[in-house]
Structures are given as structure tokens and as C-alpha cells.
Amino acid sequence: MGGDWTGDRGGREFERVLNALRTRLTDGTYEVGNRLPPQRELAQEFDVSRDTVQRVLRALHDEGWIESRQGSGTRVIMTQRIQTSTAEAAHPGRAVTLGSLIGEAFERSEVTLDVYTLTSESLDAHVRVQAERIRAREIAPQRIALRMLLPSEELELPYPRAKDPAYNEPMRQRLLGITRLHTASLRSVLRQLLTEDLVPAVDIEIRHAPLTPTFKLYLFNRVEVLHGPYEVIERPIILDSGEEIEALDVLGFGATLTHYVKDSDPNSQGSVSVDSMQSWFNSVWNLLAE
């Protein structure tokens, strides 16, 4: 059981910095072999204490993203793992990350995103990047349609779960807080684009399914898919109270995702995979509407 932790408003600042650096590790900002900025610079950038930065770096180390060596700084040893389908392998120069695929989707006149996930944390981070591109007039989508499936808030999920059962309810409330925070953020940032007349049409709909997500799924404009299982790991988690506990959790940012592309051959691996996953999403989505 960890001890009490103070500073930087408990665990919220820790989570904010941790999620920001995870996003950079998965969107290509930090690549394998890159060195992270010094702790002093990170503390200044995020306006947090060095203690918070050190705790974040320890968490990233425990998750396998980075390694630190005295005298040589902190080096990236893992980024988001994307496996490509046969069709995509024919385009070796194309960078495939969650961030790049969302970026490409937003470059179209009509953006359609169907997402099934445990929380909307990863999606929120990447959509905010695209919103800034729209404000900078780099891209100009005419319609954005987001459908997202999340687990029912009444469902008792097997993870994240504290090793000490006494902390299961705080863990449940923490997960609900994260999900609600990023869901509200997504609604806000997309509706703001509509309010500012930057995007003529925005549709966002979220439904809660009585299912435990064992995988995450992103469908881009009904022609591309990222799909991959969650990996359950044991790691320390800081609660909103500031207390650090040991828990079983899943890493959405670190999940290995497989990329499929629909092509002109309806029998190709990519086309079959995209169609089958789109059909699965639609069937669950329609069932929840009944």
C-alpha cells in the first residue's frame, strides 16, 4: 500500500502529465531512441513540481515506455505498437499511429469515427489536436460524426481493480471520473467547433453497453480499422486522495493495435476485417437503441 502523497493537487496533476507524455509516446512525438526533455523542463512546461515529474517517469518506466540511466538521461524504448495488414504493407512509407490515422480522417470533408473503448481518454487527446488544426485553418472538415460505445456505468468491471478489496470502490469512482471527464471534454471541443462556425455539422452520440471491453476498436470513415486487445498489467495507481495503491489495470495507450484497410477486393484480409468489425459495431449500437 503506498503512503500519502501531497503536492500538485493530489493525483490529478500526476494523471494530467502522465497522459500527456503517453500521448506523445503514441503519436510519434517521441520515437524509440529519443531522449525525453530534462525533468526541470518538463516541470516548467506542465507547471508541476519535480516530484510529480519523477513519479510520472517512474510510472512510464514501470509500463515499459522508457529507461533511465544516470548521466545519459531518459530514453524512449517503446512506442505504440501497430501491426499492419497485408494491404497496408504495400505502402511502407506511410506512418501508422492512432494519431496519424485520426489526423488523416479529419482531413476528409466528412469525418466518421466509430469507437469502442474502456474510456475515451486516448480519443480525447487526439481529437483536441485536430481541433487546433481546424482553428489554424490547416484542415476544414464539413461534418464530424462520432459514435462511441462505452461500458455501462452500472457494470462492475474486472479492471482496474485494487489488490486490496477495500480500495475497489475508490478505484471504480476513479474510472468513472476519468471516463466522464474525457467524454465531457470530447463533447465540449466538438460542439465548440460548431459554435464557432468552424465545422458546419457535428454529431456526437455515446451509448453505454453492458459489456466489459476486452479490446479497443477504432473505425475510420468505414474504410480503416485499428483493433487490439487490452493487456492487463500490475502497476501502482494514484487515487484522487493522493494515496498510491497497487492495482491490476489495462493500458489503452500501450495496447498493440492491428491496422486493416478496406480495398477494392471484397475478399481481401483488410476488406473482410473492416466489414466484419463495422458490422459488429453497428449490431451492438443498434441493439442499444431498442
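Student: How do you know what confidence the predictor has in residues 86-90?
Tutor: Look at pLDDT, the predictor's confidence in each residue, from 0 to 100. Over residues 86-90 it stays under 50, and the model has eight contacts (heavy atoms within 4.5 Å) there beyond four places in sequence. Residues 1-10 also stay under 50, with 29 such contacts. The mean for the protein is 84, and 88% of its residues reach 70 or more.
This is a predicted model, where local features need pLDDT of at least 70 and side-chain atom pairs 80 or more, while totals for chains, interfaces and linings use all residues. Numbering runs from 1 along each chain as its sequence is written, and side-chain values use heavy atoms, without hydrogens and water.

Student: What makes E15 a lining residue of the largest pocket?
Tutor: A pocket is an open set of points on a 1 Å grid over the protein atoms alone, where a 1.4 Å probe fits, with protein on both sides within 12 Å along at least five of seven lines; a lining residue has an atom within 4 Å of a point. E15 is one of 22 residues that line the largest pocket, so E15 has such an atom. R16, N19, L181 and H182 are, with E15, nearest the centre.

Student: Which helix gives the largest share of that lining?
Tutor: Helix 6, with seven residues. Helix 6 also gives the most to the lining of the second largest pocket, again seven residues.

Student: Which residues lie closest to the centre of the second largest pocket?
Tutor: Of its 17 lining residues, these are L155, E156, L157, R172 and L175.

Conventions
Helix = DSSP H or I, 4+ residues; strand = E, 2+ residues; numbered from the N terminus.
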